[in-house]
Amino acid sequence: MRNRLVRQAIGSAAQTVEAIDRAPEVIDQARALSHDTPNVHYAEADVADYDLGTARYDFISGIASIHHMPFAETITKLRDALAPGGVLAILGLCRYATRADYLPDLVAAPANLAAKAAVRAKARLGSRAAGSGPAPSMDAQMTLPEIRTEAVRLLPGAVIRRRLFWRYSLIYRQRSSSTR
């Protein structure tokens, strides 16, 4: 999914794209699939340690990755790298803390099972890039209320919506450099 987003959506619309992931297997797979997208530059690195330099970005996205990093520090770094009017778009994972958190996901459980079966079938057919495996994963540590609290503090005006299967979306538009 992440690789497809970079190649198809962002890579075709942007002048230059920096794709960063600390997992070598993710970077290797992305490079193998993106040989025809010359404006995408891949870096095997942890965003927390990656030097974003002085450039300002019009669009920064994170897909199922922010929960692998310290939330406040990472969000602050990404926010500060945005150009005025730039957008930070996160599709993140949150931890469920109560039984009520699980209720909305019950409706989508059959669709999730079907999607997982399709992914497994695709993997069995060898559709992954040679030598690649699944991306590393870890459980989310923050609940959605905790994420909302931090976002209010760090990203005033951010819109956060709960999504199915432990996910949330966060959209933030940088107003100007004086709002930091």
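Me: Which residue is the bridge partner of Ser61 in β4?

Reply: The strands of a sheet pair through backbone hydrogen bonds, either parallel or antiparallel. Here, Ala89 of β4 is the bridge partner of Ser61. This is a predicted model, in which local features need pLDDT of at least 70 and side-chain atom pairs count only at pLDDT 80 or more, while totals for chains, interfaces and linings use all residues. Residues are numbered from 1 along each chain as its sequence is written, and side-chain values use heavy atoms, leaving out hydrogens and water.

Me: In which sense do β3 and β4 pair, and over how many bridges?

Reply: β3 and β4 (residues 82–93) pair in the parallel sense, over 6 bridges. Strands (E, at least two residues) and helices (H or I, at least four) are DSSP runs numbered from the N terminus; two strands pair if DSSP finds at least two bridges between them.

Me: What is the order of the strands in the open sheet?

Reply: The 4 strands follow the order β3-β4-β6-β5, with mixed pairing. At the edges are β3 (57–63) and β5 (159–162), each pairing on one side only.

Me: Which strands does α5 touch?

Reply: Helix α5 packs on the sheet and touches β4, β5 and β6 (167–173). Contact means heavy atoms within 4.5 Å. The direction of α5 makes about 175 degrees with that of β5; angles run from 0 to 180 degrees between N-to-C directions, and axes are lines fitted to C-alpha atoms, for helices over the stretch in contact.

Me: How are α3 and α5 placed, by distance and angle?

Reply: Two packed helices are described by the distance and the angle between their axes. The axes of α3 (residues 71–80) and α5 (residues 144–154) come within 11 Å and cross at roughly 35 degrees. Residues making this contact include Phe71 and Ile75 of α3 and Ile147 and Leu154 of α5.
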